[in-house]
Amino acid sequence: MKRREISPVEIAEHYLDRIARLDPEVGAYVTVTPELALEQAHKAEARALAGEDSSPLLGVPIPIKDLNLVKGVRIHFGSATYEDFVAPVDDSVVERLRDAGTIMLGKTATPEFGLPCYTETSLSPPTRTPWDLSRSAGGSSGGAAAAVAAGLAPAAQGSDGAGSIRIPASVCGLYGIKPTRGRISFAPIIPDLAGLSTNGPITRTVADAAALLDVMTHGNPGDLYHAPPPALGSFEAYAGRDPGRLRIARYAEPLVPGAEVDPEVLAAYEHASAELAALGHEVVDIAPPFTPELVPQFVTLWYAFACMHPVDLSKQDRLRPLTAWLRERGFATLAPDFLQAQSALQLATRFGLMVTDLYDAVLTPTVTQPPRPVGWFEDVEDPEETFERMKRFAAFPAIYNVSGQPAVNLPLHWTPGGLPIGVMLAGRFGDEGTLISVSAQVEAARGGFWGERRPAVWQVST
């Protein structure tokens, strides 16, 4: 675009065409906004022609997750109970992306209220990983990850409250960053409360994620949490910086009782350990710094947060069974029980950080199994069993939502059948920079762009 070889309008039209042709089988978008996208593309083109804008994302399409408010655009929060609701304001992160000149192609699919780790709703078709359309794209940023992996967007905004960026990044073969708590404001409406959830980027490359994180990073008056700024002034600066020799801890024992790590996931973990060691880093085995006793405390919070979205009494029958089950338990949770659970999690974080802060990063699997078939989480009659399957599948990432540490998914492994399996690196509080540097180093060692892998749907001719 800077060389004027292609215009933002042409780019927007390219992606809108691919969405129209390919998304019915992928299920990445719940709402497509072609008129708004082309309006924004024309504005970006005018800014580019004026030559006065240095934004690295000017004219780049970035879809918005359907948990985030975009003024004048329908938002469902993944729920049929919000089928006709139009957002009255923009989320501040949406304002940041718009001001940077990005183009919103539409709203990406998310499960009901962002609660499950798979994206299957009553609003739109199931969201599928483009690597195998019979399998789930994960959640809750499943639509965002599926869009990027299928070539229906070059990058996407997501959010992560218990692994919701890293899980779909793993099962869609992408790079995703869950930033440090307080890095990105939820203003003006969405509360940060316990600080579990944060916005973040989902991309194909490390440099793209760093550039997107730079644009998304901001705070607002009234935010409960704040993160220290990057020491180099930007996160993009870390993508080209040698990380030096790091001391990296690792463990593969899941926190959730009954969770078992699939052999292919262990193979991904071992291969990643070997690659990091080959790059000169010291990789050290440690005992898990957090214990299974924390799981019930986290579940107590999850029950309560399932009740955050008000639902019209006349529409409660539209809730999916899992959501209704979670909300029933949430409304039955007493305030002292909630506060005691949060206190227990904070105490555990204080002790856990005494261990993880001894290392530059901590390596674990991202999820315990390869991508699950569509419908697998719900092919049981009891929502409680669905929830147990979720906990066992996503047994690793939520602990860093509790601690507030940054964590990334590295797309380093594919099964013999072609299914992606990621590994997770977590860093010290506020230190996304080290994670970005070592991620870029590993990406470069793979030949750049993670070896240029593409799912079959990517190759569909334009």
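Predicted model: local features only at pLDDT ≥ 70, side-chain atom pairs only at ≥ 80, totals over all residues.

Helices here are DSSP runs of H or I with at least four residues, strands are runs of E with at least two, and both are numbered from the N terminus. Residues are numbered from 1 along each chain as its sequence is written, and side-chain values use heavy atoms, with hydrogens and water left out.

Which residues of helix α11 (residues 383-393) are buried? They are P383, T386, F387, R389, M390, K391 and F393. Buried means under 20% relative accessible area, exposed means over 50%, and partly exposed lies in between, with a 1.4 Å probe and protein chains only.

Let us turn to the strands. An open sheet is formed by eight strands, in the order β4-β6-β5-β10-β11-β9-β7-β8, with mixed pairing. Two strands pair if DSSP finds at least two bridges between them. At the edges are β4 (155-160) and β8 (282-285), each of which pairs on one side only. On average, neighbouring strands of this sheet are turned by 25° against each other, direction ignored.

Helix α13 (residues 432-445) packs on the sheet and touches β5 (175-178), β9, β10 (407-414) and β11 (420-427). Contact here means heavy atoms within 4.5 Å. The direction of α13 makes about 15° with that of β10. Axes are lines fitted to C-alpha atoms, for helices over the stretch in contact, and angles run from 0 to 180 degrees between N-to-C directions.

Within the sheet, strands β7 (residues 247-250) and β9 (residues 361-365) run parallel and are joined by three bridges. A249 has V362 in β9 as its bridge partner.

**The cysteines**

How many disulfides does the structure hold? It holds zero, a disulfide being a pair of cysteine sulfur atoms within 2.5 Å. C117 is in no disulfide, and the nearest cysteine sulfur, that of C172, is 13 Å away. C117 counts as buried because its relative accessibility is 6%. C172 likewise counts as buried, at 1% relative accessibility.
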